[in-house]
Amino acid sequence: MNIEKEINQITGFKNLELLAKQVVEGFISGLHKSPFHGFSAEFAEHKIYNNGESTKHIDWKLFAKTDKLYTKRYEEETNLRCHLIVDNSSSMHYPKLKQFNINSLNKIGFSVLASAAIMNLMKRQRDAVGLSVYSDEYEFYASEKGSERHHQMLLQKLNEALLTSQEKTQTKTYEHLHLIAEKLKRRSLVFLFSDMFQSDAEAEKLFEALQHLKYNKHEVILFHTFDKKKEVTFNFSNRPKRFVDVETGEYVNLYADNIKEQYAEAVQNYFTELQLRCAQYRIKYVLTDINENFNKILTTYLVERQKFG
């Protein structure tokens, strides 16, 4: 076996950090065209000046542009604790891909790149970030830090997640969410990337685990990740096909058109129930089709960060 050749063939993203940076810079450059006009590239770098405060840190250039007094915020004032959670179960590796780039992503690829893009924004704002990755086991945990070494380590772990899922690994997402909730002692902004697939019998346990994540007053954002064409509308040709459960290996042979309507209804009912539960628990729920771009995710991050306080 040619080890070097094998490694070169299985690389995940060739440069995850650079790609994430390009995603973020493209997003920032488009902010002035969006409802977020007025956000600067540093976003939370200023606060309104209050009478009686020192005038030492007033931004006079900004005053000239806006006719309003703002003072510059510093690291101890802007630092925020964020924790990213990535579901790395077998179903997240659908559809199977040999190479990853911004135009060729499956659910885990989309989640990894979106997480890296959020990390890039955190880095710009000097926020502390932590990471959890789980599948059939709790694969990785790192508490929230803001150093460059820590940032590079998390990027490496995200890229490894693309390549580490084993075949037919089932996961009990609710068990891992309970464990993560116990680890997060200080109030944090929590981002969860998952397709939220589990058996009907475990749905209630999953909802309870989401509620547990809200413990200690964490702000939780669920990016419900899916492939709309295949997993929601069941857009397959009407030829006899074998549909295999990637987590159990169980399969069924059928014509797609025979169950398309019932399947779509069942999926929509589950999505609606999940959305209602998130609203009940005050969890931000974001439908995340992997065929869309990342702007919705980055916009959600910005909005939730502005509200966090």
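Tutor: F191 has 0% relative accessibility and counts as buried (under 20% relative accessible area; exposed is over 50%, partly exposed in between, with a 1.4 Å probe and protein chains only). Bear in mind that this is a predicted model, in which local features need pLDDT of at least 70, side-chain atom pairs count only at pLDDT 80 or more, and totals for chains, interfaces and linings use all residues. Residues are numbered from 1 along each chain as its sequence is written, and side-chain values use heavy atoms, with hydrogens and water left out.

Now to the rings. Phe, Tyr and Trp rings (the six-membered one for Trp) pair if their centres lie within 6.5 Å, and planes under 30 degrees apart are stacked, over 60 edge-to-face, the rest tilted. This rule gives eight aromatic pairs. One of them joins F191 to F223, stacked with 6.2 Å between centres and 5° between planes. The two partners come from distant parts of the chain, 32 residues apart: F191 sits in strand β6 and F223 in strand β7 (residues 219–226). Strands (E, at least two residues) and helices (H or I, at least four) are DSSP runs numbered from the N terminus. F223 is buried too, at 0% relative accessibility.

Helix α5 (residues 107–124) and helix α11 (residues 295–307) have axes that come within 10 Å and cross at roughly 40° (lines fitted to C-alpha atoms over the stretch in contact, with angles from 0 to 180 degrees between N-to-C directions). The crossing of α5 and α11 is right-handed (near helix turned clockwise from the far one by less than a right angle). Y301, I297 and L298 of α11 meet F110, A114, A117, I118, L121 and M122 of α5, counting heavy atoms within 4.5 Å. These contact residues are nine nonpolar, no polar and no charged.

Back at β6 (189–194), the loop between β6 and α8 (203–213) holds M196. Although not a glycine, M196 has a positive phi of about 60°, and its relative accessible area of 1% makes M196 buried. Most residues other than glycine have a negative phi.

How values were computed: Ala, Val, Leu, Ile, Met, Phe, Trp, Tyr, Cys and Pro count as nonpolar, Asp, Glu, Lys and Arg as charged, and the others, Gly among them, as polar.
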